[in-house]
Amino acid sequence: MTTKKYETYYVPAQSHWPIVGAVALFLIAVGAANYVTDIKNAESGFGGYILIAGIALVIYMMFGWFNNVINESMSGKYSHQMDNSFRQGMSWFIFSEVMFFAAFFGALLYARTFAVPWLGGDGNNAMTGQVLWPEFTAQWPLIKTPDGTETTGMGWYGLPLINTILLLTSSVTAHFAHVALEQEKRGLLKFWLGLTVALGLAFLYCQGLEYAHGYADEMKLYLTSGIYGNTFYMLTGFHGMHVTLGTIMLIVMLIRVFKGHFTPKNHFAFQAASWYWHFVDVVWVMLFVFVYIL
Amino acid sequence: MTTEAIHDSHEHDDHHDHKMTGIKRWLYTTNHKDIGTLYLWFAFIMLLVGGALAMGIRAELFQPGLQLMEPDFFNQLTTVHGLIMVFGAIMPAFTGFANWMIPMMIGAPDMALPRMNNWSFWILPFAFAILLSSFFMDSGAPNFGWTFYAPLSSTYSNGSTAFFVFAVHIMGVSSIMGAINVIVTIMNMRAPGMTYMKMPLFVWTFFITAYLLIAVMPVLAGVVTMLLTDTYFGTSFFDAAGGGDPVMFQHIFWFFGHPEVYIMILPAFGIVSTIIPAFARKRLFGYSSMVYATASIAFLSFIVWAHHMFTTGMPLFGELFFMYCTMLIAVPTGVKVFNWVATMWRGSMSFEVPMLFSIAFVILFTIGGFSGLMLAMTPIDFQYHDTYFVVAHFHYVLVTGSLFSIFAGTYYWLPKWTGNMYSDKLSKAHFWCSLISVNLLFFPMHFLGLAGMPRRIPDYALQFADFNMWVSIGGFAFGLSQLIFLAVVIKCIKGGEKAEAKPWDGAEGLEWTVPSPAPYHTFETPPKID
Ligand code: HEM
Ligand SMILES: [Cu+2]
């Protein structure tokens, strides 16, 4: 051990990016809060502009910050241990995202197994059913709420099924891209990664179609259509936002691949993006089962 | 594997302490000690702000009848007081300890992800600026209690809900990043030879707490998001008319909320478990049982949340399940209290201020645990729920528990942080004033609650008048006592008797192997662990 050369742990210098990021989050929060408050009070204000400024600043911060990190990584400052820190950090971040989705899945399951049946008079709630909303029948999808809003359930065949196939395939292509990277086959890497991005974009397109379909007059499935519409749009919406983010990450990776970044041993950023991609894929499978099929 | 830390520097000189000067040092810092200091000062300022709000509450309750303020403003005070103390004082203070001590205790050069560390601190002041700014808006500050039950916070809110929601989002982001940093640092940066079961218990408790944080802060983010869409975008998660359920809010909130209270007490266990052995001059009794007890408390904390909801009319099975699980937590908690007492048993004890606070912690936290056990029994809770008994319970565990451990830890490590000893006289004054006033403040609340005084009401029946007056006097005294603490800390930073590398003869741990004050960078090559 004593003769072994020390590996190094890189402790970065002072950086102004975090404080830029803090100001950006502040602007986003203040902007968004003002914006929604103004919408609700039917007033017009400048919240939206603050929000946009905040988002722009976050993007600027990300460019700057990641640029620093990429340069440090390319100049070989990062040891194996540093790489581990990044990997573990990313995996626990994904875990926290899982818990975020868990809250919404929890709401869905609670509504289906408890709230809606109880409203229909189940358990010790017979009087709720009779006194409050005698007309109400408990069912899922809840196509008629206690206060009488009507809507239609979204089936699982058609677009959702296509989307499932698209995303599952993209997980496989992302894996192939990773294998190609590790085997130093740059051509294949570009092909598989490009295909993954294309599949992601196709998914997003179909998701948009599906929303348009839902909001059309035949279905009348809105975000405001009672607990069924709420859980449907919040779950698929947050998932869609994550797919968007994941696609952006993959596009950035694609650009970096074309610039010749990453080696078979050193490609944390690529790995992180692909983990993230597998994560949105798994969430989709859960969605497909609990939101669409069951 | 052996590692050496490479500190990058913008100045590119060989001079070692490359800190920047002035405000830039603090804004741009990537140093765990700087960031720890920032967290600790921020927490202390928030303690004073939250304390000022509490003084308002106690002034109103000094006498029966509406004395000083409108009921709505009273509600704003209690709400923001709770939010500030939980998210602004206790949690950041512990993160400050984590930042300062974990790298030094495990022999790491810094936290694993130093830039993210800076970010997770600096978003906090902004979050609290947003929260506090709502006091100056037309709507007024949030007035629905720190638990923000729907529909009080949705349908019946005063219009500040959006500001509250986004402030909470930022606090959550901060906590999650802080927790990821703690986990990665501990998993990845221990000095060679420091196995998990050789880590100081302090490190263990922060490790487990960080897991609780990344598991439940996202759930909090989820529930405030549903609240936001319910209030502003017409969803009905918490509205029965749309097929939702206001009780569902409570389930999701308390799924976060109960682990959250352990987030605020496990680090306290860690601090006290460090200090008691040092001043009893004995090894910590039952180290591995402490580790397992901490882990099982953390696990159990996920399956007891509905003990906050016994009166919501859950199915009988739910009431029983959550009652038994809650009582089960008393077992590992009992193990801990037993171990602390056993550590002191036949030790050669001395009573420096950190030890005084720790002993007070053991006794007073146990009182809080006992009142918790009473509340855990469903039929009894039907009576006590939403009375001052609950207020007494959680202030015993949070003030004489968490906050006292923070005081204890601060006194214990101040010599290491500043290089100077604190004033013995003043700090003892701080201890005794705090101890007496805190009991005057919170103990009578038990009786008020048992007699039926409801919480969160600005007025009360005449028979509660005497007790409330004493409680208020205790409150003002406790608030003032904290100014002594401020004086001690400032004096200690400015100067005083120089501290040795290891000012406490019974102390153990790597942090005492470096000089006092700890150099800006420590353990650039990892220490040897036997
Ligand atoms: C022995 C362990 C404990 C047990 C059995 C216990 C039990 C309970 C129960 C049953 C309640 C609900 C009372 C009600 O609202 O009717 C409660 C409330 C509370 N407990 Fe504990 N508790 C314990 C430890 C702790 C600890 C360690 C903390 C924090 C450090 C804590 C903080 C709180 C808080 C903040 C509330 C009130 C929440 C609110 O409604 O605002 N408890 N506890
Ligand atoms: Cu609890």
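## Terms and model

Buried means under 20% relative accessible area, exposed means over 50%, and partly exposed lies in between (1.4 Å probe, protein chains only). By that scale Lys428(B) is partly exposed, with a relative accessible area of 28%.

This is a predicted model, in which local features need pLDDT of at least 70 and side-chain atom pairs count only at pLDDT 80 or more, while totals for chains, interfaces and linings use all residues. Residues are numbered from 1 along each chain as its sequence is written, chains are lettered from A and ligands numbered from 1 in the order in which they are written, and side-chain values use heavy atoms, with hydrogens and water left out.

## Copper site

Three histidines of chain B hold the copper ion (ligand 2): His258(B) through ND1, His307(B) through NE2 and His308(B) through NE2. Their distances run from 1.9 to 2.0 Å. Donors here are N, O and S atoms within 2.8 Å of the metal (3.2 Å for Na, K and Ca); water is not among the atoms, so sites may look incomplete. In sequence, the donor residues follow the spacing H-x48-H-H. His258(B) sits in helix 7 (residues 246–263) of chain B, and His308(B) in the loop between helix 9 (287–300) and helix 10 (316–344), so the pair ties together parts that are 50 residues apart in sequence. Helices are DSSP runs (H or I, at least four residues), numbered from the N terminus.

His258(B) is buried, at 5% relative accessible area. The iron atom of ligand 1 is 4.5 Å from the copper ion (ligand 2).

## Nonpolar patch on chain A

Chain A carries a nonpolar surface patch of about 790 Å². Its members are Trp156(A), Tyr157(A), Leu161(A), Ile165(A), Leu168(A), Val285(A), Val289(A), Ile293(A) and Leu294(A). Patch residues have over 30% relative accessible area and no salt bridge; nonpolar side chains (Val, Leu, Ile, Met, Phe, Trp, Tyr) are joined within 5 Å, like charges within 9 Å. Accessible areas come from the Shrake-Rupley method with a 1.4 Å probe, and for residues only the protein chains shown count as cover.

Helix 5 (159–182) and helix 8 (268–293) of chain A each give at least two residues to the patch. Trp156(A) is in the loop between helix 4 (126–132) and helix 5. This tryptophan is partly exposed, at 35% relative accessibility. Thr164(A) is also found in helix 5, but is buried at 8%. Leaving aside residues up to four places away in sequence, Thr164(A) touches Trp284(A) and Phe288(A). Contact means heavy atoms within 4.5 Å.

## Salt bridges

A salt bridge is a side-chain nitrogen of Lys or Arg within 4 Å of a carboxyl oxygen of Asp or Glu. The count over all chains is seven. One of them joins Glu508(B) and Arg283(B), at 4.0 Å from N to O. Glu508(B) lies in the segment after helix 15 (465–494) of chain B and Arg283(B) in the loop between helix 8 (266–280) and helix 9, so the pair ties together parts that are 225 residues apart in sequence. Glu508(B) is exposed at 54%, and Arg283(B) is exposed at 64%.

Arg455(B) pairs with Asp386(B), with the closest N and O atoms 3.8 Å apart. Arg455(B) is buried at 14%, whereas Asp386(B) is partly exposed at 34%. Asp424(B) and Lys428(B) meet at 3.3 Å, N to O. These two are four residues apart in helix 14 of chain B, and about one helical turn separates them. Asp424(B) is partly exposed at 42%.
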